[in-house]
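Biologist: Hey, can you walk me through this one? I'd like to start with the core and then get to the charged pairs.

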Amino acid sequence: MKAPGTGLRLTRDVARVYASRGGMARAATHRWPVEGEYLSASEVGKRIGVSRKTAQVRMRRILDTQGALTWPALRLEKQT
């Protein structure tokens, strides 16, 4: 048995690489309900022409305020 502290160490440079991915593996499997379709954040971002992160922020904000995701709301179109 090895003495404590003699295994692999996570250095700052290696930790930075892991941190840059964040929760991307989990985010890829998480689906959002948009008008009857279940789509990933990257798919929603491609459809509305924004980045994945921007799409996630918009979806979270819309769900918190309106309760349902719609394409006009995601595109930030004016609601009448």
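Modeller: Buried means under 20% relative accessible area, exposed means over 50%, and partly exposed is in between (1.4 Å probe, protein chains only). Keep in mind that this is a predicted model, where local features need pLDDT of at least 70, side-chain atom pairs count only at pLDDT 80 or more, and totals for chains, interfaces and linings use all residues. Residues are numbered from 1 along each chain as its sequence is written, and side-chain values use heavy atoms, with hydrogens and water left out.

Biologist: Okay, which residues in the largest nonpolar core touch the most other members?

Modeller: Those are Val34, Val44, Met59, Leu69, Trp71 and Leu74, out of 13 residues in that core. Strand 1, helix 3, helix 4 (52–65) and helix 5 (71–74) each supply at least two of the core's residues. Helices (H or I, at least four residues) and strands (E, at least two) are DSSP runs, numbered from the N terminus.

Biologist: And what does Met59 touch?

Modeller: Leaving out residues up to four places away in sequence, Met59 touches Trp32, Ala41, Val44, Leu69 and Leu74. Contact here means heavy atoms within 4.5 Å.

Biologist: Switching topic: how many salt bridges are there?

Modeller: The count is 3, where a salt bridge is a side-chain nitrogen of Lys or Arg within 4 Å of a carboxyl oxygen of Asp or Glu.

Biologist: Which residue does Arg16 pair with?

Modeller: Arg16 pairs with Asp13, and their closest N and O atoms are 3.5 Å apart. Both sit in helix 1 (residues 12–21), 3 residues apart, about one turn of the helix.

Biologist: Is Arg16 buried or exposed?

Modeller: Exposed: Arg16 has a relative accessible area of 53%, and Asp13 is exposed too, at 55%.

Biologist: What about Glu43, what's its partner?

Modeller: Glu43 forms a salt bridge with Arg31, with the closest N and O atoms 2.9 Å apart. This pair links distant parts of the chain, 12 residues apart: Glu43 is in helix 3 (residues 41–48), while Arg31 is in the loop between helix 2 (24–29) and strand 1 (32–34).

Biologist: And which residue does Arg47 bridge to?

Modeller: To Glu37, with the closest N and O atoms 3.1 Å apart. Arg47 is in helix 3 and Glu37 is in strand 2 (residues 37–39), so the pair ties together parts 10 residues apart in sequence. Arg47 is partly exposed at 44%, and Glu37 is partly exposed at 33%.

Definitions and conventions. Core = buried A, V, L, I, M, F, W, Y, C linked by side-chain atoms within 4.5 Å.
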